[in-house]
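Below are some notes for a colleague who has the coordinates open and would like a guided reading of them. The points are numbered so that each can be checked separately.

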Amino acid sequence: MSFNNSHSLQALIFDVDGTLADTERDGHRVAFNRAFQAAGLEDVEWSIELYSQLLSVTGGKERLRHYFQTMERERKFSDLDQTVKELHRLKTGYYKEIVMSGSIALRPGVKRLIEEARAAQVRLAIATTTTLENVTTLLKSSLDPSALDWFEVIAAGDMVPKKKPAPDIFEYALNHLSLEPSNCLAFEDSGHGLTSALTAGIPTLITVTDYTQNQNFTGAIAVLNNLGEPQQPCRIIQGQLPPNSSSVCLSTCEQILSSVAAR
Ligand code: XBP
Ligand code: MG
């Protein structure tokens with residue numbers, strides 16, 4: 001009989017883009033640009049700076065629609081929805097090629113923490129805005145060919161009606177795990193992701209990227225540069241970790257939940 005201590009750590013729930021791997025600048029952005037070229041929109045190019053603004057819109061299809069409706073108003077499409085759908089299909093293909101090329105590495109500490117969780121039978125889930133096939137390709141290419149079996153729930157993209165910062169995707173993961181938010185810890189990289197996880201009631205750790213480092217992370221347990229490795233301690237940017245934590249390991253996560261419960 002499993003004793004369900006109301007404060008015990010039962011599951012880790014990971015965001016994908018920016019959290020498992022730093023995918024946006026050299027992955028998704030490059031894939032969008034290749035799709036524009038392939039679709040004959042040679043004069044459309046999302047620079048690193050422009051993409052930083054566009055990331056305020058979550059979801060690739062929503063981002064495309066926002067761009068053409070606000071920054072390319074003079075460009076007329078007979079059917080914008082169909083154009084967005086086709087561009088996003090092309091983009092997803094290019095993104096998967098980039099991931100399968102091995103050029104997108106997992107961030108420090110991610111594989112280590114996931115393997116610690118597996119060894120301790122702590123359950124694993126994904127809650128992401130990105131398209132499901134992008135997630136499965138990244139997990140198989142960058143984590144392990146059998147990694148899809150490691151995650152009880154892969155909640156992704158259009159599985160829910162509202163994308164982050166709405167809580168839908170984290171609530172979807174909680175429902176499929178049949179767990180209380182207080183028994184889980186979420187890992188995110190962005191303000192939108194933090195809002196989504198906190199609205200779902202899940203204590204959340206942030207590991208920032210170049211794109212998200214200046215965003216508002218009020219309410220996070222702590223904001224870190226990454227999860228750290230034994231030889232590469234993480235740096236605390238905001239908040240705090242349990243005493244003597246130089247990286248985020250499973251015991252760190254358990255202590256965090258206990259301290260949250262004790263508040
Ligand atoms: C990040 C997103 C996604 C990606 C692009 O997702 O907002 O839209 O930028 O992927 P998260 P798609 O941080 O929640 O993992 O084009 O497949 O949407
Ligand atoms: Mg993210």
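This is a predicted model: local features need pLDDT of at least 70, side-chain atom pairs count only at pLDDT 80 or more; totals for chains, interfaces and linings use all residues.

1. I begin with Ser178, which counts as exposed because its relative accessibility is 66%, above the 50% that the term requires. Ser178 sits in the loop between H7 and strand S4 (184-188), and its phi is positive, at about 55°, although the residue is not a glycine.

2. Asn244 is placed in the loop between strand S7 (236-239) and helix H9 (250-262), and with a relative accessible area of 83% it is exposed.

3. A further backbone feature to inspect is the peptide bond from Lys164 to Pro165, which is cis in the model, with omega near 10°. Pro165 belongs to the loop between strand S3 (153-156) and helix H7 (168-177). Computed along the sequence, Lys61 and Pro165 are 104 residues apart, while their C-alpha atoms are 16 Å apart in space.

4. Lys61 itself lies in helix H3 and is partly exposed, with a relative accessible area of 23%. Leaving out residues up to four places away in sequence, Lys61 touches Val84, His88 and Asp158, and one of these, His88, returns in the next point as a neighbour of ligand 1.

5. Which residues are closest to ligand 1? Of the 18 residues that surround ligand 1, the closest are Glu24, Gly60, His88, Thr128 and Thr131. An oxygen atom of the ligand is 2.7 Å from an N or O atom in the side chain of His88, and for the side chain of Thr131 the corresponding distance is 2.6 Å. A polar side-chain atom of Asn134 likewise lies 3.0 Å from an oxygen atom of ligand 1. Taken on its own, ligand 1 has 450 Å² of accessible area, of which the protein covers 95%.

6. The magnesium ion (ligand 2) is coordinated at 2.1 to 2.2 Å by Asp15 (OD), Asp17 (O) and Asp189 (OD), and along the chain these donors follow the spacing D-x1-D-x171-D. Are Asp15 and Asp17 buried or exposed? Asp15 is buried, with a relative accessible area of 3%, and Asp17, at 10% relative accessibility, also counts as buried, because the limit for that term is under 20%.

7. In soluble globular proteins, nonpolar side chains tend to be buried together.

8. Finally, Arg75 is found in the loop between helix H3 (60-70) and helix H4 (80-100). A polar contact of 2.7 Å joins its side chain to that of Asp43, and, residues up to four places away in sequence not being counted, Arg75 touches Leu41, Asp43, Val44 and Phe68.

Key. Residues are numbered from 1 along each chain as its sequence is written. Chains are lettered from A and ligands numbered from 1 in the order in which they are written. Side-chain values use heavy atoms; hydrogens and water are left out. Donors are N, O and S atoms within 2.8 Å of the metal (3.2 Å for Na, K and Ca); water is not among the atoms, so sites may look incomplete. Buried means under 20% relative accessible area, exposed over 50%, partly exposed in between (1.4 Å probe, protein chains only). A residue is near a molecule or strand if one of its heavy atoms lies within 4 Å of it. A polar contact is a pair of N or O atoms within 3.5 Å; within protein, one must be able to donate a hydrogen and the other to accept it, and residues adjacent in sequence count only if both atoms are side-chain atoms. Accessible areas come from the Shrake-Rupley method with a 1.4 Å probe; for residues, only the protein chains shown count as cover. Helices (H or I, at least four residues) and strands (E, at least two) are DSSP runs, numbered from the N terminus. Contact means heavy atoms within 4.5 Å.
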